[in-house]
Amino acid sequence: MILRSLQPLQRAAGRAANATASTAASVLTAPSASAAASGGSSSSSSSGGVSGGGSSGDDPKLEAALKPSAEDPSTVLNPRSSEACALRKASWVSDPANFLEAEHRAAIEEISERLWVRGGLQCATVVLQDLKEGKAKLPPKAYKHFSVKLFDHWGVGSAKHHNGILVVLFTEARTLEVVTGANMQPFVPDNWLEDTLNKTVVPTIQEEGQSKGLLVLHEYLDEQLDDNLPRHWNQESRAYLGSNDTRAPFMGGIARAPKGFEPGIGGIVVAMLLGAAALGANALGNNEDTLEVVKERLERYSTRPFFQDVSGNKVEWPYEAHPVDMKEVATSSGAANLYDLCAAGTVTMEAEANSIGFKSLSVLVRNPGQTPVRVDLPAGSFFITRGSEYPARRMQPQIVRKAESFELAPGEEQALVLDTYCGDSTASLPQGSALLTPYYLDKSRLYRGQAEIWRWSAQYQTGHSTAYPTSREYDLLEQNFAMSRMEVDSLRSELNRIVKANVKARQEELEATKKRVEDLTKEQSRKHIHHSSSSSSSTGFGGGRSGGGAGASF
C-alpha cells in the first residue's frame with residue numbers, strides 16, 4: 001500500500017488565540033513564542049513533525065517538553081497545572097508547538113469539556129514529537145510505558161473514581177497511545193477501542209492526517225460515553241460549576257496498566273504505529289509472550305512473594321503481588337543508599353515501629369568503620385513489621401513520608417524518628433522490630449496522602465482483614481491524617497470493593513496464564529514435529545490477557 005506522507009503545515013502564532021482551542025496558550029507555549037511568531041509561511045515537514053515555525057532545539061525547555069526523556073514525564077507541559085487553573089487558562093490539550101489544526105483542537109477541547117461537565121470525566125490530550133533516546137535505541141513499548149507514567153504523574157481523572165482518559169500522539173514516532181483510568185473498562189471496553197482505532201482512526205490518519213485522526217478518536221469517545229457514565233461521577237465537576245469555573249486540575253486518578261507493564265492489575269494502552277513501514281509483531285511487544293516468559297510470569301503468580309532483607313534472608317512480602325509487578329514501586333539504589341550500605345556491612349541499622357503517622361518509626365544507624373559515610377533514605381521507603389505482641393497479625397508495611405540524608409563519622413550513630421504512612425488498610429498497627437526493604441513508593445503517590453496510599457495498596461492486598469485493622473483506628477487516623485470517622489468508613493467500603501475486584505482479577509490472571517502456558521507448549525510441540533529444522537523456542541503471538549492493548553502497523 002502506498003501511503004500519503006503525514007505532512008502538517010506550519011501555523012502562524014495567531015492561531016493560538018483561537019477561542020477555546022488555545023485558552024492555555026500563554027501558559028503552555030511561552031517557551032516557543034518567538035519561534036511561533038516566525039512561522040508565517042506554509043512549509044511542509046516531510047517527517048510529519050512539529051509545526052509552528054522554528055526548531056524545538058532553539059529552546060531547551062521546549063525541546064524537553066516536546067521530546068521528554070522516556071523515564072521522566074515531568075517535563076511535559078501540563079495543560080491543567082495549578083498555574084493554568086489559577087489564571088483561568090486551563091485546557092484539555094497540551095500542544096505547545098501548535099501541531100493540531102485550529103478547528104480540530106477547538107473541537108477536541110469542546111468534547112473534553114463536555115465530558116467533564118456532564119460526566120465528571122477528565123480526558124486529556126498531549127501532542128509530542130518523540131521520546132528522547134538515551135544510549136540505547138528505544139523499544140516500541142517505551143511509548144506505552146511513558147504514557148502510563150504521564151497519566152499517573154498528572155493523576156488524570158478523579159482519585160475517587162479513577163475515570164480519566166489520556167491520549168498521547170507522538171508525531172515523529174507516528175505512534176498513538178490511549179491510556180484509560182483504572183475504572184474505565186466497563187465504559188471504554190478493550191474490543192470497542194481496538195475496533196475504533198483499527199477500523200476508523202487509522203484509515204482517517206492515512207487519508208486526512210494525524211490531526212484529523214485525533215479529532216475522530218475524540219468524536220467516537222464522546223459518542224461511546226454520552227449518557228453512559230455513572231451519574232455520581234459529575235459531583236466533582238458540579239462543585240466547580242458552583243463557583244462558575246470548570247477549570248479543575250487533574251485530580252489524582254490512576255491508570256489501568258498495559259500488558260507486559262503491570263501484570264495482575266488489568267489495563268489497556270493501545271499503541272497505533274502510524275509509520276509507512278510495517279514493523280511486524282515484535283514492534284508491538286508480542287515477543288514478550290514467549291513460552292519462557294509466560295512460564296516465569298506463572299511462577300510469580302503461583303508463589304508467595306518474598307524480598308531479601310539486608311542480611312540476605314528471604315522474608316515474606318506483605319502484598320499479594322511481587323514488587324516487580326507493583327505499580328509505582330521501584331528498587332532503591334546508589335552508593336549512599338541505606339539498604340545497600342546495610343547489606344554491604346558498611347553501616348548497621350535497628351528499626352522499631354510503634355504506630356503510623358507522626359514519629360511512628362525509630363531508626364538507629366551506626367557507622368562501625370574507619371571512614372566517614374554518607375547515608376540516604378529515600379522518601380517512600382518500605383519498612384515491614386510483624387507485631388511481636390500479636391504474632392498472628394499480618395505484616396504491616398510502613399512507608400516513610402520524607403527522605404533523610406546525613407553523614408556519619410567513624411564510630412558515630414544517628415537516631416531518626418520518622419513519620420510514616422500505613423501501607424495496608426486491613427492489616428494491624430505496626431508494633432515491634434521493623435525490617436528495611438530495598439523498595440520504595442513513587443513520590444507522586446506520597447504527596448496525595450493516606451487515603452491515596454490505601455487506594456494504591458488495595459490493588460495488592462489480600463482479601464482477608466485482620467481482627468484489628470488499622471482502618472478502624474479512628475482517633476489515630478484523625479490525629480495524624482485529619483481523616484474523619486465518616487470519611488474513613490466511606491473509604492473503607494470503597495477499598496473493600498477494590499480489594500475484592502483485584503483478588504478476583506488476580507485469580508483470573510493466574511488461570512489465563514496457565515492456559516497460555518498450555519497453548520504455547522502445544523504450539524511449540526506442533527512446530528517441532530512439523531518443522532524439525534526450526535528452533536523449538538518460537539515466539540508466540542497474541543494471547544495474554546484481554547486488557548493488554550491493541551496494535552496496528554501499516
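1. Two residues are in contact when they have heavy atoms within 4.5 Å. Val 373 shows this well. Leaving out residues up to four places away in sequence, Val 373 touches Leu 341, Thr 346, Val 347, Asn 367, Phe 406, Glu 407 and Leu 408.

2. A word on the model. It is predicted, so local features need pLDDT of at least 70, side-chain atom pairs count only at pLDDT 80 or more, and totals for chains, interfaces and linings use all residues. Residues are numbered from 1 along each chain as its sequence is written, and side-chain values use heavy atoms, with hydrogens and water left out.

3. The whole chain comes next. It has 16 helices and 17 strands. Helices (H or I, at least four residues) and strands (E, at least two) are DSSP runs, numbered from the N terminus. Of the 554 residues, 54% are buried. Buried means under 20% relative accessible area, exposed over 50%, and partly exposed in between (1.4 Å probe, protein chains only). Take the contacts between residues at least 6 apart in sequence: 75% of them join residues at least 24 apart.

4. Back to Val 373. It sits in strand S11 (residues 373–377). Its relative accessible area is 8%, so Val 373 is buried. Pro 410 lies 37 residues away in sequence, yet the two C-alpha atoms are 7.8 Å apart.

5. Among the buried residues of H8 are Gly 213, Leu 214, Val 216, Leu 217 and Leu 221. H8 has 16 residues, which should span 22 Å at 1.5 Å a residue; its end C-alpha atoms are 23 Å apart, which agrees. The expected span is 1.5 Å times one less than the number of residues.

6. Look at H5 (residues 102–119) against H8 (residues 210–225). Their axes are 9 Å apart and meet at an angle of about 20°. H5 is therefore roughly parallel to H8. Axes are lines fitted to C-alpha atoms, for helices over the stretch in contact, and angles run from 0 to 180 degrees between N-to-C directions. Under 35 degrees counts as roughly parallel, over 145 as roughly antiparallel, 65 to 115 as roughly perpendicular and the rest as oblique. The crossing of H5 and H8 is left-handed. That means the near helix is turned anticlockwise from the far one by less than a right angle; clockwise is right-handed.

7. H7 (residues 190–208) also packs on H8, at about 150° with axes 8 Å apart. This makes H7 roughly antiparallel to H8. The crossing here is right-handed. On the H7 side, the residues that meet H8 include Trp 192, Leu 193 and Thr 196.

8. Helix H6 (residues 141–154) has 14 residues and reaches 20 Å, close to the 20 Å expected. Of these 14 residues, 11 are buried, so H6 is largely enclosed by the rest of the structure. Among them are Tyr 143, Phe 146, Phe 151 and Trp 154. Just after H6, Gly 155 has a positive phi of about 75°.

9. Tyr 474, Leu 476, Leu 477, Asn 480 and Phe 481 are buried. They cover an arc of only 165° around the axis, so they lie on the same side of H15. The arc is that of the directions from the helix axis to the C-beta atoms. The face turned away carries the exposed Asp 475 and Gln 479.
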